[in-house]
Amino acid sequence: MELGAFSISLAVKDIAASRSFYEKFGFKNFGGNAAQNRLILKNGDHVIGHFQGMFEKNILTFNPGWDSNAQKLASFTDVSELQRQLTEQGVQLLPEADESTTDPASLIAVDPDGTPILLDQHV
């Protein structure tokens, strides 16, 4: 199962403090907007999203159709197909993607320890 680019989305209390901390590890601004309480930092292929006031928990995030530089892949498995594969294996999804389309969509599963897993397709 090809899930696309991986990142972790952190539910941060203070986006400026979080940014400053991770910059000490060599992370640099990659996207987002701190004024809008969302910031993406990158170090090599490692991506960490910082989201203040948007999520209750940290989230494991996969982006079908993207490489680690947020560039569209030549071929990829659409999120609706990933959804079919996961539901066939008994994975409960909340919310589900619209399977009648190949448009950008997202879905969320929760692992046995309560960690949300977001499949967020932008292309």
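The largest pocket of the predicted model has a volume of about 430 Å³. It is lined by 23 residues, of which Ser-7, Ile-40, Asn-63, Trp-66 and His-122 are the closest to its centre. Two or more residues of the lining are given by each of the strands S1 (5-12), S2 (28-33), S3 (38-43), S4 (46-52), S5 (59-63) and S7 (116-120), and the largest share, 4 residues, comes from S1. When the lining is sorted by class, 11 residues are nonpolar, 9 are polar and 3 are charged.

Attention then turns to helix H2, which spans residues 79-88 and includes Val-79. With a relative accessible area of 1%, Val-79 counts as buried, because this value falls under the cut-off of 20%. The C-alpha atom of Val-79 is separated by 6.5 Å from that of Pro-64, although the two residues are 15 residues apart along the chain. In H2, the buried residues are Val-79, Ser-80, Leu-82, Gln-83 and Leu-86. These residues cover an arc of only 155° around the axis, and therefore they lie on the same side of H2. The partners against which the buried residues of H2 pack are strand S6 (106-110) and strand S7. Just after the helix, Gly-90 takes a positive phi of about 85°.

The aromatic side chains form a further topic. A pair of aromatic rings is described by two quantities, the distance of the centres and the angle of the planes. The model contains 6 aromatic pairs. One of them joins Phe-6 and Phe-62 in a tilted arrangement, with 5.1 Å from centre to centre and 50° between the planes. This pair links distant parts of the chain, since Phe-6 belongs to strand S1 and Phe-62 to strand S5, 56 residues apart. As for accessibility, Phe-6 is partly exposed, with a relative accessible area of 42%, whereas Phe-62, at 16%, counts as buried. Phe-51 and Phe-55 form an edge-to-face pair, with 5.1 Å from centre to centre and 65° between the planes. Of these two residues, Phe-51 is buried, with a relative accessible area of 12%, while Phe-55, at 30%, counts as partly exposed.

Key: Residues numbered from 1 in each chain as written. Predicted model: local features only at pLDDT ≥ 70, side-chain atom pairs only at ≥ 80, totals over all residues. Heavy atoms only, no water. 1 Å grid on protein atoms, 1.4 Å probe; cavity = no way out; pocket = protein on both sides within 12 Å on 5 of 7 lines; lining within 4 Å. Points joined across faces, edges and corners; volume = space filled by probe spheres on them. Nonpolar A, V, L, I, M, F, W, Y, C, P; charged D, E, K, R; others polar. Buried < 20%, exposed > 50% of the residue type's maximum accessible area, 1.4 Å probe, protein only. Arc of directions from axis to C-beta. Contact = heavy atoms within 4.5 Å. Phe/Tyr/Trp six-rings, centres within 6.5 Å; stacked < 30°, edge-to-face > 60°.
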